[in-house]
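Keep the picture in view as you go.

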Amino acid sequence: MQKLVSFLRSKATAVKLAVFSVVALASSGAFAQEGSSLPSWTTEIATESEAAVTDMSALVGPVIGAMIVALVVIKLVKRFSSKI
């Protein structure tokens with residue numbers, strides 16, 4: 001049981017779950033195409049969720065870039081501060 005709890009708390013599991021969620025939301029538009037037997041409100045929801053995923057992914061890009069730059073700067077500061 002402890003192994004299962006630690007697995008569910010791991011960062012890798014969280015990343016996999018996030019990636020799966022984004023892929024599932026992005027592909028929802030493929031299932032709600034014109035001419036399908038689904039109600040019209042499902043098409044609207046799929047279109048809105050697709051737009052939301054696109055907007056969120058555009059917002060996440062600069063944040064990830066800033067985090068990478070910050071980590072590199074922190075590592076460099078640690079490396080060179082020990083030599084002073």
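**Exercise 1.** Find where Arg79 sits, and decide whether it is buried or exposed.

*Solution.* Start with the place: Arg79 belongs to helix α4, which covers residues 40-81. Helices here are DSSP runs of H or I with at least four residues, numbered from the N terminus. Next, take the cut-offs: buried is under 20% relative accessible area, exposed is over 50%, and partly exposed lies in between (1.4 Å probe, protein chains only). Arg79 has a relative accessible area of 52%, so it is exposed.

A word on the model: it is predicted, local features need pLDDT of at least 70, side-chain atom pairs count only at pLDDT 80 or more, and totals for chains, interfaces and linings use all residues. Residues are numbered from 1 along each chain as its sequence is written, and side-chain values use heavy atoms, leaving out hydrogens and water.

**Exercise 2.** Which residues of α4 are buried?

*Solution.* They are Thr42, Thr43, Ala46, Ser49 and Val53. For the whole protein chain, 10% of the 84 residues count as buried.

**Exercise 3.** Check the span of α4.

*Solution.* The expected span is 1.5 Å times one less than the number of residues. With 42 residues, α4 should span 62 Å, and its end C-alpha atoms are 62 Å apart, which agrees.

**Exercise 4.** How many helices and strands does the protein chain have?

*Solution.* Count four helices and zero strands. Along the sequence, this reads α-α-α-α.

Key. Helix = DSSP H or I, 4+ residues; strand = E, 2+ residues; numbered from the N terminus.
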